[in-house]
Amino acid sequence: MTFREKTSAPADRSITSGGSRGNGTAKKAVWEYAPSAESTEHIQLRDRYDLFINGKWVKTRKYFPTINPATEEKIAEAAWASKVDVNRAVLAAEKAYNNVWSKTSPKERAKYIFRIARIMQEKAREFAVIETMDGGKPIKESKSVDVPLALAHFFYYAGWADKLKYAFPNQQFSSIGVVGQIIPWNFPLLMAAWKIAPALACGNTVVIKSAETTPLTLYKLAEVFQEAGLPDGVVNILSGAGDTGAAIVNHPKVKKIAFTGSTEVGKLIMRSVAGTSKKLTMELGGKAANIIMEDAPIDQAIEGIINGIYFNQGHVCCAGSRLFVQESIKQIVVKKLKHRLKSLRVGDPLDKNTDVGAINSKMQLKKITELVNSGVDEGCTLYQPECRLPDKGFWFKPSFFTNVAQSNRIAQEEIFGPVLSVLTFRTPKEAIEKANNTQYGLSAGIWTDKGSKIFKMVGAIKAGVVWSNTYNKFNPASPFGGYKESGFGREGGLQGLKEYLNF
Amino acid sequence: MNMNPALRNLDSLHPAVDETGVKERAAAIAGRSVKKESKVAAIKMAVSMIDLTTLEGKDSAGKVHAMCQKAKFPLEGAPEIPHVAAVCVYPNLIRTAKSALEGSGVKVASVATSFPSGQSPMKLKVEEVRKVVQMGADEVDMVISRGEFLEGNYDYTFKEVQAIKEACGEAHLKVILETGELETFDNVRRASLISMLAGADFIKTSTGKVQPAATLPVTLVMLEAIRDFYNETGKIIGMKPAGGIKTTKDAISYLCLVKETLGDMWLTPDLFRMGASSLLNDLLMQYRKEQSGVYQSAEYFTND
């Protein structure tokens, strides 16, 4: 919709004084942002992606379509790696480890990783557009978060490759060998970077599998590896489903598994590697508490709530899905939250002004819908802003529940969608108790103007990451990971290097 | 601490502001993509919201007269471009402006209260305001006494605005906080709330004589104060960032800020103004570019 001129001549421009206004005002002019879609012309995609094994594109028997969740149109086909393919990939990685990568000097390894980062940087826009098309996230986010952070991880770990003995002074360590990595669909490229960069820096070779709904950017990354001249077999990229993942996990030559995904699958993996010598890092689900104290800067806290739960449609393991508001400010916070939700722009993920994009898959939409229905059935109050959703594709309005108790299903289970539960507390002690009363412990947020409160709360909350007066901030130098059923092991920072070395 | 009963409301309006968060939010809104027809509409709207300003010691009748012509007809041969909202001048030039603008719909705003420092006795300031209104100013742009405010003398600030408002009579009052001197966002929010409680019709960032003048983050803080004040009292207050808004891109960012913070209702010259001098020609240049597809030399646009 575009701006409509005022119909009446702008003769009467008097400023009515501070009292009531609006009476007698001519027809209201509405100024809207015109559609501003990111161009897709410059991207290069194949119709079909084979597996990337030993530096070559390898065909397999089965392929599956990958669709754009915003339009339900097929973008390309991707290979469904079988057990045989996985074996081939692991053997290629083993050979590359023994013959090439373990003999490559750390300084040379660093050069390759720097080169990868720089090539990614050159292709940043293409990566962002493909990430958005394949996953449904707003282009604004893939451009400003996913891609820059992914390449920042490569830059960061490239720097460590030849300085490992300074990272771990007076310790004996060695690389592990072939590592198996399984990544989720919410941040495909970023999660790949989190896993591949430290693995390579430490001298390991990799077999990595993308998620079923988002294989494309990982295959684009394979093209970057080719362009960078990374030796064949150092990184092998597969796509497929649960059976592919299981074959990687159970392969005897895989020495370590790094998994990011649901707690449910994480438990399956832990069961299957129990009794073996495989190393594990698990980055699993979450149900983060975002705690707003009564002395918080409220308008900025509102932004933190929005960013915490509606960023990437809430498909974020560290999403601030449980909002804890001090009772004295509950009304004002809920009121402001409602107001803010109205200005969220839901729609075409490729539009530069879109704030909330498409739900990643039909399956995920079904899960979100089911959980939201349970909230309504259990008597919680649902709020959704009025907004028109596109006819095709998978969409869910940004939503929040009030009248939520800790015992409600929506307050306990990870929804992994744009749905917030608003709970209240009376004292800091109660906030801490409630925040910790969950099987998860990945992240949390604390909002207060008082520094002493921040330190007290941060120390008491059992979560791997606690943000204060901000939310969802990431940096390659800062370790990320969970407590309890949110997983173990850390990614990012020095701690992230440790996971890819034997001591 | 606040003796004035009207200021008891202040704490319930939650004065804390987080600087990092404000800057992030302002930058996010400034990142909006406004193109094609919505850009053309934004340019026209921005022109209609300008307070075309000259505030210099060397201002003369000739200068002001010329500027008033520009205010009435910003772009030769483009009647679809609206006139600006007002011209803003020193008291001595009110009469010149008034006669030049007669019947045009462009308002005359005058700065007052020992602009820009505000460092003179309250009695004199009130007197000055009465005088400028008598001389025909439709709008009065006052400055608060920053010294008193920074001493924590909020009661003084309240009473000052209140007295000036009373002296304004029918004229509309814009209260300049001079945010560059208040420095912190907490101060800006508090000064905004006090001014609104005391009867401001508009709150305004800066005199243009102190750096930094208007910025997106400081404007966001003031817009949020306006929104909260509206929610609390039902009173609708206008906003005027002034100083340093030079480009079309800047102006559009401000419009986005208003749209997303206060809503479409505030996107009118009655409630949103931009104090500027060089902005107008950049808007016109961008307008021509949207029409013809090419940029014209700055020399095709008259300075006043």
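User: Helices (H or I, at least four residues) and strands (E, at least two) are DSSP runs, numbered from the N terminus; with that convention, where is P252(A) found?

Analyst: P252(A) sits in the loop between α8 (242–250) and β10 (256–260) of chain A. This is a predicted model, in which local features need pLDDT of at least 70 and side-chain atom pairs count only at pLDDT 80 or more, whereas totals for chains, interfaces and linings use all residues. Residues are numbered from 1 along each chain as its sequence is written, chains are lettered from A and ligands numbered from 1 in the order in which they are written, and side-chain values use heavy atoms, with hydrogens and water left out.

User: Why is P252(A) called exposed?

Analyst: Buried means under 20% relative accessible area, exposed over 50%, and partly exposed in between (1.4 Å probe, protein chains only). P252(A) has a relative accessible area of 68%, so it is exposed. Its C-alpha is 9.8 Å from that of V273(A), a residue 21 positions away in sequence.

User: How do you know that S343(A) counts as buried, and what does S343(A) touch?

Analyst: The relative accessibility of S343(A) is 18%, and because this lies under the limit for buried residues, S343(A) counts as buried. S343(A) is found in the loop between α11 and α12 (362–377) of chain A. If contact is taken as heavy atoms within 4.5 Å, then S343(A) touches D355(A), R32(B) and E260(B), residues up to four places away in sequence not being counted.

User: What makes the pair of R340(A) and S343(A) a polar contact?

Analyst: A polar contact is a pair of N or O atoms within 3.5 Å, where, within protein, one must be able to donate a hydrogen and the other to accept it, and residues adjacent in sequence count only if both atoms are side-chain atoms. The backbone oxygen of R340(A) lies 3.0 Å from a polar atom of the side chain of S343(A), so the distance falls within that limit.

User: Why is the pair K336(A) and D228(B) called a salt bridge?

Analyst: The term requires a side-chain nitrogen of Lys or Arg within 4 Å of a carboxyl oxygen of Asp or Glu. For K336(A) and D228(B) the closest N and O atoms are 2.7 Å apart, so the pair meets the rule. Across the interface of chain A and chain B the rule finds seven salt bridges, and there are also 13 residue pairs in polar contact, both residues being at pLDDT 80 or more. On the side of chain A that touches chain B, the elements giving two or more residues are α10 (298–310) and α11 (330–342), and the largest share, five residues, comes from α11(A).

User: How is the size of the interface of chain A and chain B expressed, and what is its value?

Analyst: The size of an interface is often given as the accessible area lost when the parts come together. Buried area is accordingly the accessible area (1.4 Å probe) that two parts lose on being put together, summed over both. Chain A and chain B bury about 4,000 Å² between them, with 51% of it on carbon and sulfur atoms. In terms of contacts, 44 residues of chain A meet 51 residues of chain B.

User: What makes chain A as compact as a globular protein of its length?

Analyst: The radius of gyration is taken over C-alpha atoms, and the globule rule is 2.2 Å times the number of residues to the power 0.38. Chain A has 16 helices and 20 strands. Its radius of gyration of 24 Å is close to the 23 Å that the rule gives for 503 residues, so chain A is as compact as a globular protein of that length. Buried residues make up 61% of these 503 residues.

User: How does chain B compare with the globule rule?

Analyst: Chain B contains 13 helices and eight strands. Its radius of gyration is 19 Å, close to the 19 Å given by the rule for 304 residues, so chain B is as compact as a globular protein of that length. In chain B, 62% of the 304 residues are buried.
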